[in-house]
Amino acid sequence: MRRSDKYRFYLVLAFLVALEFTVRSRLGDERAAPDFLLLALLIYTIRTQPGKAAAAGFVVGLMRDALTPASFGAGALAHTLVGYLSAWGKAVFFAENLFVNACLFFGGTWVRNLVIALASGKLRGGQLGWELLVWSPLQGLTTAVTGVVVLWVFRRWVHVRVREA
Amino acid sequence: MALGADRYASRADTLVFLGCLGLSLAAMSLPPVWRDPVASAMRQTILAPFLELQRESELLRTSRTRFDAITAQRDSAALAATFLPELRAENQRLRGLLGLGQRLGSGYVPAEVLHQAAPTDPLALVVSAGRQQGVRPLAAVVSPEGLIGLVSTVDARTSIVVTWANLEFRASAMAADGSVYGIVAPHGTEGPGVWLLELQGVPYRQMVPEGTAIFTSGLGGVFPRGIPLGTVVGVAGETEGWERTYLVRPAVHPSAVTHVMILNTGRSAGDLHGAFRADSVPAGGGGGPL
């Protein structure tokens with residue numbers, strides 16, 4: 001891999017972070033709009049080792065916690081878990097193709113929301129049910145679709161194999 | 001760099017993972033007095049450029065609407081200028097009679113809501129106004145439809161708003177005509193009443209009809225009197241012979257709000273009944289004895 005390719009990869013991640021803070025609010029319901037920050041983390045975990053992925057998840061989660069103080073710490077926990085499991089799972093179990101990556105984005109989003117909801121203890125009963133059965137799957141779906149588009153468009157930059165399932 | 005099938009978690013990876021988990025759990029267990037300064041410092045340093053980016057994006061999004069509004073205001077001002085001497089004299093008379101002074105023209109800070117992609121976002125919002133704009137802790141936060149919540153933490157250019165959906169939220173409330181008083185709190189998280197409020201502590205002998213508009217009462221000195229909270233939609237429960245609790249449909253949902261007004265804490269003693277649109281909550285009578 002050339003050095004310029006490495007910079008391009010981080011450029012894609014920076015682009016996703018910028019989208020989170022600029023475009024996301026224009027994409028309809030906040031609860032269902034794709035989470036570009038989590039997507040950047042998951043794309044990073046595809047290429048990196050589990051330890052680095054966990055550390056990146058912790059940093060991303062802590063940043064998010066500073067913006068949603070109602071669940072401080074829960075975001076760091078959730079993103080650390082998702083980052084580590086994603087990188088570990090990709091290395092041990094998963095094949096490299098577009099559909100598997102889409103499933104990773106969907107599952108990562110859903111698990112992240114599950115851990116935040118449970119760890120924060122703020123959502124219970126009906127609220128938790130709606131969050132996990134309606135809003136989180138919707139957000140996972142939009143995040144997965146966005147992730148597939150990003151991987152396809154920037155496939156040469158992110159160096160992830162995107163052959164069809 | 002293609003992914004290798006032989007890559008797996010080394011001991012170092014596991015240690016880093018466990019360290020991050022430990023730090024996360026430590027962050028969760030931090031008391032608010034330590035947690036808030038940490039979060040505030042992050043918002044004002046690492047996250048400041050991102051929040052500024054989000055704020056600019058929100059401004060850009062609404063620039064077209066603002067342009068139309070400013071054009072309409074300019075046209076109205078041009079029309080009003082034709083009658084300026086008469087308007088000025090009449091305005092001076094009315095202000096003198098009503099003693100309103102400049103109170104109606106100021107006393108709030110406008111702010112954009114910077115929504116985040118977390119399930120708990122509706123419980124505590126980040127808004128784009130802070131200490132530099134004159135925001136103070138415990139200031140009431142409203143939208144044109146009604147009460148959103150109150151400011152809990154103030155940074156230099158942003159603030160955290162605890163919304164009515166937060167389980168710790170309470171507000172002293174009354175019916176539109178002041179005949180019924182009680183405490184409004186989140187209804188809880190069970191069943192179909194999610195994202196509803198409840199009016200607690202209403203004496204058993206007083207019935208509050210469905211459709212009754214509920215406002216802040218001003219008691220307690222946190223929220224000014226007369227901010228719409230919602231509309232009564234039914235009875236949630238009752239303590240036999242003592243009191244009833246009523247379900248209240250909120251005037252506005254936190255996740256649906258993009259812009260808010262943060263009232264100056266000095267206004268908490270005022271009555272804002274006339275400042276809100278008449279259609280923000282359906283009109284309804286107050287309660288009455290059985």
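## Helix H2 of chain A

In this predicted model, the buried residues of H2(A) are A:Phe36, A:Leu37, A:Leu38, A:Leu39, A:Ala40, A:Leu41, A:Leu42, A:Ile43, A:Tyr44, A:Thr45 and A:Ile46. The helix as a whole is mostly covered, with eleven of its twelve residues buried.

The length of H2(A) can be checked against expectation. Its twelve residues, at 1.5 Å a residue, should span 16 Å, and the C-alpha atoms at its ends are 17 Å apart, so the two values agree.

## The contact between chains A and B

Chain A contributes 58 residues to the contact, and chain B contributes 48 residues. On the side of chain A that touches chain B, at least two residues come from each of these elements: helix H1 (3–22), helix H2 (36–47), helix H3 (50–67), helix H4 (74–92), helix H5 (98–120) and helix H6 (125–153). H3(A) provides the largest share of that side, namely twelve residues.

By residue class, the side of chain A that touches chain B consists of 28 nonpolar, 16 polar and 14 charged residues.

## Chain B

The secondary structure of chain B comprises four helices and 14 strands. Of the 290 residues in chain B, 36% are buried.

Methods. Residues numbered from 1 in each chain as written. Chains lettered and ligands numbered in written order. Predicted model: local features only at pLDDT ≥ 70, side-chain atom pairs only at ≥ 80, totals over all residues. Contact = placed C-beta atoms within 7 Å. Nonpolar A, V, L, I, M, F, W, Y, C, P; charged D, E, K, R; others polar. Buried ≥ 20, exposed ≤ 12 C-beta atoms within 10 Å, placed from the backbone. Expected span 1.5 Å × (residues − 1).
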